[in-house]
Amino acid sequence: MFSRQLARRVVLRAPRRWSHTPAGLAGLNSVTEEDLAHFAKILPSSSILSTLSPSPTSSSELEPFNNDWMNKYHGKSTTVLKPRTTREVSEIVKWCNQRKIGIVPQGGNTGLVGGGVPIKDELILSLANMTKIRSFDDVSGILVADAGCILQSLSDYLTPHDHVVPLDLGSKGSCQIGGNVSTNAGGLRLLRYGSLHGSVLGLEVVLPDGTVLDQLTSLRKDNTGYDLKQLFIGAEGTLGIVTGVSILAAPAPHASNNVMLALPKFENVQPLYKEVKRQLSEILSAFEFMDRTVYDLAVKHGQGRALNPQDIDGAECFVLVETSGSNRDHDEQKLNSLLESLMDTEEPLINTGVLATSPAQFSALWAIREGLTEAVSKEGKVYKYDISVPRNKFQEVVDKTREHLRSKDLLHEDAVKYVVGYGHVGDGNLHLNVIAAAYTPEIEAALEPFVYELVASYKGSISAEHGIGMMKTHALQYSKSPTSIEWMKRIKALFDPNGIMNPGKVLP
């Protein structure tokens, strides 16, 4: 039996504060009035924000640049520069390299690991004024754009051309394509479109000495030696500043459907995923998992309700399946056949579900999934771990973490209230959330390094899609071997011998 109910969208607020000052900033200089006078020769006054003389800006105007959007990381930069062209970026970086001034490249500042804000008083170089769409070929689907283009703006531009950006994020209204590339953003539909390592065809990058590396190709095939652009995808601005992106846009789907399914036990998730892939194949675009506890919290805090209470009796977890295709009748037939086969077996993999039959209901089901972060933040202070582990270990990771906290006598109303899990089954990305009454040293000590060691035991990743930033530099060893880290350091030293590019981020 399938039912329907609408849900509303929400906004994230997560106020944990963080303080960390790595040795990587040693030897770097602060911006001076002399530097500001030089920047004034490169940029118009409207592109310079600084608390320094001769025309000091109020420090409050720099707050949106110095603080991340979760209000968790806080820098003390005196100066924000907003260049409009690659040439201007090049001249700024060249000067900073000569003067050994640390630079933090900043896009939409929507990251979750402190990668886009200063640790101390580094110069912030904002790409917000670089918003030109340079070209689009509606035959090949290749889009070339400035790094400061907002993801939603690119999507809106492509809509009349019947194409979409192969990336969809909850922050698409403010994140920028250059930042997306620099962090190798994953998003909700990586299952369908793959990672940016595959869809990005070329990059224009300003290197730490000011040299412009122009690899902004629009070729699908180019087998000429080292693929240097891959070094900058996911480097979080530590090797250079991405100023231009060539990306392969995807044909826009003409039919989208989704369904929320209630499962009697977690063990059914793997065989369900296998069956969904088999029957939906080319039209499957998302397969999202959420455990029963986090679903109940979403309902409790007003994120919507996919099913009536009586319909979810005995459900241990839920899955949201989305399809995207070119023929609505064809896609609906495949989806209906899937649902019928799931319900008609002798031992069904699902208890019941809700199928969206209108655009409003489609959005409502997604709102529940997208509202999970807001729901857990309303319940308490949240320790968040964005990890990759084998799909069949999702629940085991949650259960082991819960039992570990119980063994430390921390699982009660005055300490840890809930341990929940949700995420992207299609790409093995689990969001492990530990909801506490308050942030305490005891809870943090119980969780770290336990969670990272648990992830390492599965040969997983401590960061599936959020990156390393300044938050996880100390934990990189749990996902990278000493040899890997050593070669990462050598690459960093080769590109950036003065250590000016996003200092203190990614590398321990």
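Reader: With which side chain does the side chain of E204 make a polar contact at 2.5 Å?

Author: In this predicted model, E204 is found in strand β8, which covers residues 200-206. Among the residues that E204 touches beyond its neighbours within four places in sequence are V212, I241 and T86. The polar contact at 2.5 Å joins the side chain of E204 to the side chain of T86.

Reader: Which side chain makes a polar contact with the side chain of E204 at 3.0 Å?

Author: R134 is also one of the residues in contact with E204 when neighbours within four places in sequence are left aside. The side chain that makes the polar contact with E204 at 3.0 Å is that of R134.

Reader: Is E204 buried or exposed?

Author: A residue counts as buried when its relative accessible area is under 20%. E204 is therefore buried, because its relative accessible area is 9%.

Reader: Which element gives the most to the lining of the largest cavity?

Author: The search of the whole structure finds 1 cavity of 30 Å³ or more, and the elements that give two or more residues to its lining are α6 (190-193) and β13 (284-291). The lining includes A286, F287 and E288. With 3 residues, the element that gives the most is β13.

Reader: How many residues in the lining of the largest cavity are nonpolar?

Author: Among the lining residues are L188, H424 and D427. By class, the lining has 2 charged residues, 2 polar residues and, as the number asked for, 5 nonpolar residues.

How values were computed
Residues are numbered from 1 along each chain as its sequence is written. This is a predicted model: local features need pLDDT of at least 70, side-chain atom pairs count only at pLDDT 80 or more; totals for chains, interfaces and linings use all residues. Side-chain values use heavy atoms; hydrogens and water are left out. On a 1 Å grid over the protein atoms alone, a cavity is a set of points where a 1.4 Å probe fits but cannot get out, and a pocket is an open set with protein on both sides within 12 Å along at least five of seven lines; lining residues have an atom within 4 Å of a point. Grid points are joined across faces, edges and corners, and a volume is the space filled by probe spheres set on the points. Helices (H or I, at least four residues) and strands (E, at least two) are DSSP runs, numbered from the N terminus. Ala, Val, Leu, Ile, Met, Phe, Trp, Tyr, Cys and Pro count as nonpolar, Asp, Glu, Lys and Arg as charged, and the others, Gly among them, as polar. Buried means under 20% relative accessible area, exposed over 50%, partly exposed in between (1.4 Å probe, protein chains only). A polar contact is a pair of N or O atoms within 3.5 Å; within protein, one must be able to donate a hydrogen and the other to accept it, and residues adjacent in sequence count only if both atoms are side-chain atoms. Contact means heavy atoms within 4.5 Å.
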